[in-house]
Amino acid sequence: MAESKPAMRKPEFTKVNQLRPNTNGHTLTVKVVSSKTVLQKGRPNGPQVRQMRLAECLVGDETGIIVFTARNEQVDLMKPDTNVILRNAKVDMFKGSMRLAVDKWGRIEVTDDADFTVKEDNNLSLIEFELVTVVEG
């Protein structure tokens with residue numbers, strides 16, 4: 001009996017202003033506004049030295065911008081004025097604000113110039129969220 005593979009779903013693209021805290025599985029096309037390396041250190045791990053690199057990048061589309069945390073090889077892809085497609089991205093919370101990230105289950109692809117102007121006056125990472133516990137009674 002031949003097993004049929006499930007058909008690949010076409011990705012649903014999300015806009016930056018649709019992102020919500022602690023959600024994942026987002027696919028977005030964004031432009032890198034800026035990139036700043038915040039951590040770069042080597043860690044001796046047996047015979048080879050493992051590099052740890054971290055950069056905070058401001059990425060956005062025509063609806064807003066958000067801080068994207070790039071790790072290791074991702075740092076090289078996130079150059080200012082580069083358009084990238086973030087696949088299976090997740091929204092993490094850091095000190096009450098949203099940060100976008102792509103872990104090992106997602107990927108970053110450099111793409112051709114997207115035809116939008118980044119809306120820089122709507123920074124979702126500047127919105128502070130508060131954890132509220134709802135008691136149902």
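Q: Among contacts between residues at least 6 apart in sequence, what share joins residues at least 24 apart?
A: The share is 60%, where a contact means heavy atoms within 4.5 Å.

Q: What kind of model is this, and how are residues numbered?
A: This is a predicted model, in which local features need pLDDT of at least 70 and side-chain atom pairs count only at pLDDT 80 or more, while totals for chains, interfaces and linings use all residues. Residues are numbered from 1 along each chain as its sequence is written, and side-chain values use heavy atoms, with hydrogens and water left out.

Q: Which pattern do the elements follow?
A: Along the sequence the pattern is β-β-β-α-β-β-β, with 1 helix and 6 strands in total. Helices (H or I, at least four residues) and strands (E, at least two) are DSSP runs, numbered from the N terminus.

Q: What makes up the largest nonpolar core?
A: The largest nonpolar core has 22 residues, and those with the most contacts inside it are Val-59, Phe-68, Met-78, Leu-86 and Leu-100. Two or more residues each come from β1 (24–45), β2 (48–61), β3 (64–71), β4 (83–94) and β5 (97–101). The largest share, 4 residues, is given by β4. A nonpolar core is a set of buried Ala, Val, Leu, Ile, Met, Phe, Trp, Tyr and Cys residues joined through side-chain atoms within 4.5 Å.

Q: Which residues does Met-78 touch, leaving aside neighbours within four places in sequence?
A: Met-78 is in contact with Val-32, Ser-35, Cys-57, Val-59, Phe-68, Ala-70, Val-84 and Ile-108.

Q: Turning to β5, is that strand enclosed or open, and why?
A: Strand β5 is largely enclosed by the rest of the structure, because 5 of its 5 residues are buried. Ser-97, Arg-99 and Ala-101 point one way, Met-98 and Leu-100 the other way. In a regular strand the side chains alternate between the two faces of the sheet.

Q: Which strands pair with β5?
A: Strand β3 runs parallel to β5, joined by 3 bridges, and β4 pairs with β5 in the antiparallel sense over 5 bridges. Two strands pair if DSSP finds at least two bridges between them. Arg-99 is the bridge partner of Val-67 and stands opposite Asp-92. The hairpin of β4 and β5 has 2 residues between the strands, and Lys-95 in the turn has a positive phi of about 50°.

Q: Which residue forms a salt bridge with Arg-99?
A: Glu-56 does, with the closest N and O atoms 2.8 Å apart. Glu-56 lies in strand β2 and Arg-99 in strand β5, so the pair ties together parts 43 residues apart in sequence. Arg-99 is buried at a relative accessible area of 14%, whereas Glu-56 is partly exposed at 27%. A salt bridge is a side-chain nitrogen of Lys or Arg within 4 Å of a carboxyl oxygen of Asp or Glu.

Q: How many salt bridges are there in the structure?
A: The structure holds 8. One of them joins the side chains of Arg-87 and Glu-109 at 2.5 Å, N to O. Arg-87 is in strand β4 and Glu-109 in strand β6, so this pair ties together parts 22 residues apart in sequence. Asp-103 and Lys-90 also meet in a salt bridge, at 3.9 Å, N to O. That pair links the loop between β5 and β6, where Asp-103 sits, to Lys-90 in strand β4, 13 residues apart. Through shared partners, salt bridges join Arg-87, Arg-107 and Glu-109 into one network.

Q: And after β6, is Asn-123 buried or exposed?
A: Asn-123, in the segment after β6, counts as buried at 16% relative accessibility. Its side chain reaches the backbone nitrogen of Ser-125 at 2.8 Å. Leaving aside neighbours within four places in sequence, Asn-123 is in contact with Leu-58, Ile-65 and Ile-66.

Q: Is Leu-131 buried or exposed?
A: Leu-131 counts as exposed, at 82% relative accessibility. Leu-131 is also in the segment after β6 (107–111). The C-alpha atoms of Leu-131 and Gly-96 are separated by 8.2 Å, the two residues being 35 residues apart along the chain.

Terms used. Buried means under 20% relative accessible area, exposed over 50%, partly exposed in between (1.4 Å probe, protein chains only). A polar contact is a pair of N or O atoms within 3.5 Å; within protein, one must be able to donate a hydrogen and the other to accept it, and residues adjacent in sequence count only if both atoms are side-chain atoms.
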